[in-house]
Amino acid sequence: MSFRFRTVLVGGARIAASRNGLVLMALFAAVQLFSMLLVYSAGQVYVPIGDGLVGAEGAPEPGEQLPFAVGAVATALATLLTSLLAIPVSIVAVRTFVGGERDRIPDPYVFRRIGRATLSALVADVVVFVLYAVAFALPFVPLYWLLGELTGLALVGVVLSMVLVGLVLAVFLVVSLLFVTYEIAVRDARALASLRDSWRLARGHRLRLFALAVVIWAMQAGITAPTLVLPGELLPTLAMVPLASLAAMIALAVYARAYVELRGDPTGLGERLNP
């Protein structure tokens, strides 16, 4: 099966603008705002400590900046916590958009194997991130042996070529793994199986999926661009949250319609979502 650009884009935009889309956008924005506050707070000044530790050798003074290692661990834990909140929202959104529900989110979309799906999606996200990093870094491996051989413009040209190759490999993976979350949310795939199934689903359609992704990326940039001209530091950050959430829901909805078209079995997908 293939997909039609107009059908996918229009259908995705319409369902994202529905009541369910707006509710999910608001919920996603709330999670993202909480995430920003939590991660920001994790790296801020040291919380006043009890009298038993004040003045102890090596203990931070009240109000002192957190040590880097402690701040890094706190930020990592805060990021993990917010991921565990954001992933279920994304899973519910994927199920809703794939199912085409506009006015009411059925209970199975929210509760069916949500814990297992969240864990699988978290593991898959980590694996995908590592794959992206490896794909981008792989072309730079020969640079270790070339550093002593090349200088000046030749070295710059080689580095730029490696960057280009790394970007191409990373984008190829992005397009191939677009439907990892969809496989987990809709078909209850495990983490590694979702990568395999997304790869198979994208096979033969990568150029069209890349073109669709470019449209989505341009749309997301256009929606969030106004925040770049807002004054101050707090106002752009606060304005970015709802705009980024809107862009994220539109992207999920558009890719959901592409997923349905490529799967070519709306009835079967509906039965999986509503067992």
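This is a predicted model: local features need pLDDT of at least 70, side-chain atom pairs count only at pLDDT 80 or more; totals for chains, interfaces and linings use all residues.
1. The largest cavity is lined by Arg-95, Arg-113, Arg-116, Ala-117, Ser-120, Ile-184, Asp-188 and Ala-189. The volume of the largest cavity is about 40 Å³. The structure has one cavity of 30 Å³ or more.

2. The lining of the largest cavity splits by class into four charged, three nonpolar and one polar residues. Helix H5 provides the largest share of this lining, with three residues.

3. Arg-116, one of the lining residues of the largest cavity, sits in helix H5. Its relative accessible area is 30%, so Arg-116 is classed as partly exposed. Apart from residues up to four places away in sequence, Arg-116 touches Asp-188 and Arg-190. Between Arg-116 and Asp-188 there are 72 residues of sequence separation, and their C-alpha atoms are 8.5 Å apart.

4. Asp-188 belongs to the loop between H8 and helix H9 (191-202). Its phi is near 55 degrees, a positive value in a residue other than glycine. Asp-188 counts as buried because its relative accessible area is 16%, and buried means under 20%.

5. Arg-113 also has a positive phi, of about 50 degrees, and is not a glycine. This residue is in the loop between helix H4 (107-111) and H5. With a relative accessible area of 48%, Arg-113 is partly exposed; the class of exposed residues starts over 50%.

6. Ile-184 is part of helix H8 and is buried, at a relative accessible area of 2%. Ala-117 is 67 residues from Ile-184 in sequence, with 6.0 Å between the two C-alpha atoms.

7. What is the volume of the largest pocket? The space in the largest pocket is about 930 Å³. This pocket is lined by 30 residues, and those closest to its centre are Ser-90, Asp-125, Leu-178, Thr-181 and Leu-252. The lining consists of 24 nonpolar, five polar and one charged residues.

8. Several helices contribute to the lining of the largest pocket. At least two residues each come from helix H2 (19-42), helix H3 (68-99), helix H5 (114-137), helix H8 (180-187), helix H10 (206-224) and helix H11 (234-263). H5 has the largest share of the pocket lining, at eight residues. H5 likewise has the largest share of the lining of the largest cavity.

9. The largest nonpolar core contains 60 residues, of which Phe-97, Val-98, Phe-179, Tyr-182 and Tyr-255 touch the most other members. H11 contributes the most to this core, namely 14 residues. In soluble globular proteins, nonpolar side chains tend to be buried together.

10. Phe-97 has contacts, beyond its neighbours within four places in sequence, with Ile-15, Ala-16, Gly-21, Leu-24, Met-249, Leu-252, Ala-253, Ala-256 and Arg-257. Leu-252 in this list is also one of the residues closest to the centre of the largest pocket.

11. Leu-238 is located in helix H11. It is partly exposed, because its relative accessibility is 43%. Leu-238 and Met-36 are 202 residues apart along the chain, while their C-alpha atoms are separated by 9.8 Å.

12. For the chain as a whole, the secondary structure amounts to twelve helices and zero strands. Of the 275 residues, 38% are buried. Among contacts with a separation of 6 or more, 74% are between residues 24 or more positions apart. The accessible surface is about 15,100 Å², and carbon and sulfur atoms account for 70% of that area.

Conventions
Residues are numbered from 1 along each chain as its sequence is written. Side-chain values use heavy atoms; hydrogens and water are left out. Helices (H or I, at least four residues) and strands (E, at least two) are DSSP runs, numbered from the N terminus. Buried means under 20% relative accessible area, exposed over 50%, partly exposed in between (1.4 Å probe, protein chains only). Contact means heavy atoms within 4.5 Å. Accessible areas come from the Shrake-Rupley method with a 1.4 Å probe; for residues, only the protein chains shown count as cover. On a 1 Å grid over the protein atoms alone, a cavity is a set of points where a 1.4 Å probe fits but cannot get out, and a pocket is an open set with protein on both sides within 12 Å along at least five of seven lines; lining residues have an atom within 4 Å of a point. Grid points are joined across faces, edges and corners, and a volume is the space filled by probe spheres set on the points. Ala, Val, Leu, Ile, Met, Phe, Trp, Tyr, Cys and Pro count as nonpolar, Asp, Glu, Lys and Arg as charged, and the others, Gly among them, as polar. A nonpolar core is a set of buried Ala, Val, Leu, Ile, Met, Phe, Trp, Tyr and Cys residues joined through side-chain atoms within 4.5 Å.
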